[in-house]
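Hi,

Here is the structure I said I'd pass on to you.

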Amino acid sequence: ADLDNRYLSYEEQMRFLETLAQQFPNRVKLIDIGNTYEGRSLRSVRIGDDGRPKPIVWIDSGTHAREWISYNAALFLIYTLATNPAYQNVLDRVQVVVVPNTNPDGYEYSRNADRLWRKTRSRIQDIRCAGADMNRNYPFFWGTEGVSHSPCSEIFCGVRSMSEVETAALVSAIQREESRIRAYAALHSYGQEILYPWGHTVHKYPADVEDLKRVGNAMSLAIRNVNGSFYKVVNSGDGLYPAAGASDDWAKSRGIKYSFTIELAPIDDETGFALPESRIAATNRDAFAALITLVNTVDREF
Ligand code: 0X9
Ligand code: ZN
């Protein structure tokens, strides 16, 4: 399918989801969780939601506009879960909620104006630079480390936590169901890393860090078994860099046990964010292997 061969515009992503929801009305439900600064809908996709309360795996992608592969990976997951009968069993017991494009304004700006755009597109009165980094905008240790308070910075954390309407929409959508959400994964690129909390500072780990490492390693192994790609499992604060106000830490702080950020391909800056279209298909499968491992973990443990 197209998903394996090219990057879709926001409109194309939404048409794709609408078609899928029409074809599989019992398996795929679309629910808008809010609007962006520029008025686009923030769409969530619920797979395997038959009205019964079940444990949930929550996945979001595209928080950073230039990380284009994350959108395809999320859509590929949705498509595969909806169409491949092999996953119907697990979807009877676990619900998967995906927000495949958490930052559509930024994405369209990255497509049409500035390929390396990262942030949202909100404007603060009298300030020339647009946007805040949604992954510095969540309400947990907001504004403390690995952030900037300058609106022109790539890692501007916003004037306050949840200053971005997109962050606020995600926070309230997740909080509505947080007692049932057992795993959270944010898809990003690049670096081929599976990052576990805490990430707001260094040398600080949750009490159940061994569980996070175990599941992280299982995801990494599942990826390796697809095509041999290597994904390193590391603590986000120590192994990458401390960054406060990120979604993974916030999700963990809300009691969501298995919270990860997955940095997809490539592994180094040879192509960086501009992953060639020829590599989309393989990366989609890597991401799927990791995410289905997370779903199976929740199925087994909750
Ligand atoms: O810096 C980020 O927001 C993420 N990396 S990216 O290159 N995609 O921008 C990593 C976030 C990891 N999580 C925490 N440090 N909490
Ligand atoms: Zn990112």
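A bit of housekeeping first. This is a predicted model: local features need pLDDT of at least 70, side-chain atom pairs count only at pLDDT 80 or more, and totals for chains, interfaces and linings use all residues. Residues are numbered from 1 along each chain as its sequence is written, while chains are lettered from A and ligands numbered from 1 in the order in which they are written.

**The sheet**

Helices (H or I, at least four residues) and strands (E, at least two) are DSSP runs, numbered from the N terminus. Two strands count as paired if DSSP finds at least two bridges between them. Strands of a sheet pair through backbone hydrogen bonds, either parallel or antiparallel.

Here we have an open sheet of eight strands with mixed pairing, in the order β1-β2-β4-β3-β5-β8-β6-β7. At its edges sit β1 (28-35) and β7 (232-235), each of which pairs on one side only. From one strand to the next, the twist averages 20°. For angles like this, axes are lines fitted to C-alpha atoms (for helices, over the stretch in contact), and angles run from 0 to 180 degrees between N-to-C directions.

Start at β1: it pairs with β2 (residues 41-47) in the antiparallel sense over seven bridges, and L30 has V45 of β2 as its bridge partner.

Now move to β3 (residues 56-61). It pairs with β4 (residues 95-99) in the parallel sense over five bridges, with D60 partnered by V99 of β4. Six bridges join β3 to β5, and these two also run parallel; there, V57 stands opposite A183.

Seven of its seven residues are buried, so β8 is largely enclosed by the rest of the structure. Y258, F260, I262 and L264 point one way from β8, and S259, T261 and E263 the other way. Seven bridges join β8 to β5 (residues 181-189), running parallel, and L187 is partnered by I262. Three bridges join β8 to β6 (residues 193-196), running antiparallel, and here E193 is partnered by E263.

**The helices**

Two packed helices are described by the angle between their axes and the distance between the axes. For α1 (residues 10-23) and α2 (residues 69-83), the angle is about 5° and the axes are 11 Å apart. Angles under 35 degrees count as roughly parallel, over 145 as roughly antiparallel, 65 to 115 as roughly perpendicular and the rest as oblique. α1 and α2 are therefore roughly parallel to each other. Their contact is made by Q13, F16 and L20 of α1 and Y71, L75, I78, Y79 and A82 of α2. (Two residues are in contact if their C-beta atoms, placed from the backbone, lie within 7 Å.)

α1 also lies across β1 and β2, running at about 140° to β1. Then there's α4 (residues 104-112): seven of its nine residues are buried, so α4 is largely enclosed by the rest of the structure. Those buried residues pack against α1.

**The ligand**

What surrounds ligand 1? There are 15 residues in its shell, and the closest are N135, H188, G199, A243 and A246. A residue is near a molecule or strand if its C-beta atom, placed from the backbone, lies within 6 Å of it. By class, the shell divides into four nonpolar, seven polar and four charged residues. Here Ala, Val, Leu, Ile, Met, Phe, Trp, Tyr, Cys and Pro count as nonpolar, Asp, Glu, Lys and Arg as charged, and the others, Gly among them, as polar.

Cheers

Methods: A residue is buried if 20 or more other C-beta atoms lie within 10 Å of its own, exposed if 12 or fewer, and partly exposed in between; C-beta atoms are placed from the backbone.
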